[in-house]
Every structure is written in structure tokens, then in C-alpha cells.
Amino acid sequence: MKKSLKLLLMFSLCLGVIMLCGCSGRSSDLYEGLDYDELVSLPDYSEYTVEPIKVNITDSKIDAEIDSRLESAGTEKEVTKGTVEKGDKVTISFKGTLEDGTTSDGMQSDSYPLTLGSGSMIDGFEEGIYGAKIGETLTLNLKFPDPYKNNEELSGKPVTFEIKVLNKLVKQKATLNEEFIKANSEAKTVDEYRKLIADELEKQEYKDIENNRKTELFQKIADNTEVKSVPDEIKEYEKTTCVEAYQKSCENYGITWDEFLEGMKMTQEEFDEQLETYAEEMGKYKMIAYAIADKEDVSVSQKEVIETLLSMTGADSEEAFEKSYGVTTEEYAKTFNSYGMKVSMLLDSSLQKIYERLSK
């Protein structure tokens, strides 16, 4: 099972993007009807051990967290003097002129916000502003890319831009004072605030370590588990839902299947080969999760799935969810399960139960 994690990660990147964008109504209930005693041979993990969790919150960690929060709470100040560099948020005015002396829509603006280095302009535009003085007018002789998808008529044409940097926005860090502390916590003094931050960091670090331990626990169980066979219907199910996910992602991003394959640096044959391996490994992964859940007598109800779905989407109610996504939570939960939410809930509950038992 070791090689599976890399494969599952590669494919899950796309699946995660479109989990809430919709997919077929095909159900993943077929996993729930399998005889796991017959198909999956789990190791005796009752003899496994887990190390005690030790958390060490130092003053430097507290200082770093407070500094981060002060940065986040800072405000942007408009600066009209100095120079600008890559990464700066600036406001510019610009006008582009073609060789025949004409301009076109999108080639000029009196006040345009731009983050230098964002890559949102044509090649050479942002780079030409690096080091410019605020208030300075620049002349850049550039060329539109060929092809230029934003306006095919401009593809490959030379263009001269007159650009003026109007200002830049500089983030000013908030100050750690009584006003900030009261507005952002229940503390009243700096010492109380540092204690509060320390407690939060300790809880979060403990949780992170515990989650890592549970992941390691599952990996150890999986590495020592024998899955005798993955039913053909499961492999076909996983292949189909995965391809549908990628196709939906392509549709959402406005790219063709060939462009997707090019971005993945794969041929269709290579993709199909990886897909076969993925379906086999994903099937094994889910079957192991279900087998553990069976052994631990863990189940997840439809109500729990829906509650998790509402929490993940930020919907206040089932009615609000249906209004946003066009389907009921019950209908969507069945589809959502195919992308791993239910199996993740089962596995998390099972591992928590095992972990607590081994930690005693």
C-alpha cells in the first residue's frame, strides 16, 4: 500500500477542487455490501504502540504567532513617494498604442490596481515597472503574445505602453496594545493575551501531532493489510467517478481535455494506465477503511454526513444549501460520498477509537 499514497494524492488534487461543483448521482453504497472478513485481512493492531504526545510552546512560537496576527490585522496605507518593486501592490495609469497609432479596449486605464509579479499582464509589462519611481512615466515597447486569447486580433502585434505609477499600498502592522487586545480577544493585558495565545498554540499543536499519529497508525495498518481482491464493479466505479471529476474540473476552468493532459504532462495512454492503478489502489484504501470500521463497530449515519456537509460548505441550513447548489442535502450527500467524505468520516472515527485505546 505504500505506493498508493502518492497516487491517491495526485488524483485527489483535482477531486478536491470540484467536490462542491457537482458530479453524477452514482452512489458509493456498493462498498457497504462487501464481505470484508472474506476480502480483507487486517493485522492484529491491538499490539501496536503510540508515543505519548509532548507539546513545547516556546516564547519564540508565541512571539511569531502574535506577530502574524498583528500583520493580518494591519491596514494598508497609500504611499505616493519612493520606488516600486516586485510584489508591491500599486495603482497605475496606462495606455497602449499599436504601430498604426490606434488603441483598443483593455489597452488603457486611468486607475488600475496591479500586484507586480502577478503575471496578470503581458510579458514585459510588470517587469518594466520594477524599480520605477512613483509618479514617473515609463515607456515600454512590447509585443502581444501569439496567440493572445484575450483578443485574437492583437496576437503578435507590437505595442507601446505609456505607464505612470500613481501610488503603492503598504501594509502597516497593527500595534500590540490594549485596544488591539480587547478587539481581538477576551484578554485585558499583554500577559493575559500571551497566555491565551500559548493555550491556543498548545491545543493546535497537540491536535496536529495527534492527527499525524493517526495517519501513521493507518499507514502501518494498511502496509500490513492484505486485500485479496478489488471487485471489478468497484474499480469501474472509481475510474468513472475520477474521470468525471477531471472532466468537470476542465469544464470549470474552461480548458479542453487535451490541454488538461498537457498540463499533467501525460499522454492519454499514460493517463489511462495511471487511472487503472489509481482505481485499484483507491479501491483498496476504501476497503481497508470500511474493514477497520466494521471491526471497530463504527458507522456514520446519513444525518452525520449531512451535518458535515453543511459545516464544510458554510450553509446555515438545508434550505440554504439547496438554494446554493440546486439539490437537497440528502441527494448531494450521496454524490459527495463518492469523493470520499463518508469513508473519511468512518476512518477518522475508527482511528480515533483505536488511538485512544492504544494511548491508555
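**Exercises on ring contacts and core packing**

K220 lies over the face of Y48, at 4.2 Å from the ring centre; a charge sits over a ring if NZ of Lys or CZ of Arg is within 6 Å of the ring centre and within 35 degrees of the ring normal. K295 is placed likewise over the face of Y45, at 4.4 Å from the ring centre.

The model is predicted: local features need pLDDT of at least 70, side-chain atom pairs count only at pLDDT 80 or more, and totals for chains, interfaces and linings use all residues. Residues are numbered from 1 along each chain as its sequence is written, and side-chain values use heavy atoms, with hydrogens and water left out.

**Exercise 1.** Classify the ring pair of F94 and Y112.

*Solution.* Step 1: rings of Phe, Tyr and Trp (its six-membered ring) pair if their centres lie within 6.5 Å; planes under 30 degrees apart count as stacked, over 60 as edge-to-face and the rest as tilted. Step 2: the count by this rule is 17 aromatic pairs. Step 3: for F94 and Y112 the centres are 5.6 Å apart and the planes stand at 90 degrees, so the pair is edge-to-face.

**Exercise 2.** Determine whether F94 is buried or exposed.

*Solution.* Step 1: buried means under 20% relative accessible area, exposed over 50%, partly exposed in between (1.4 Å probe, protein chains only). Step 2: F94 has 7% relative accessibility and therefore counts as buried.

**Exercise 3.** Identify the residues that F218 touches.

*Solution.* Step 1: contact means heavy atoms within 4.5 Å. Step 2: not counting residues up to four places away in sequence, F218 touches Y285, I288, I292, L347 and L351.
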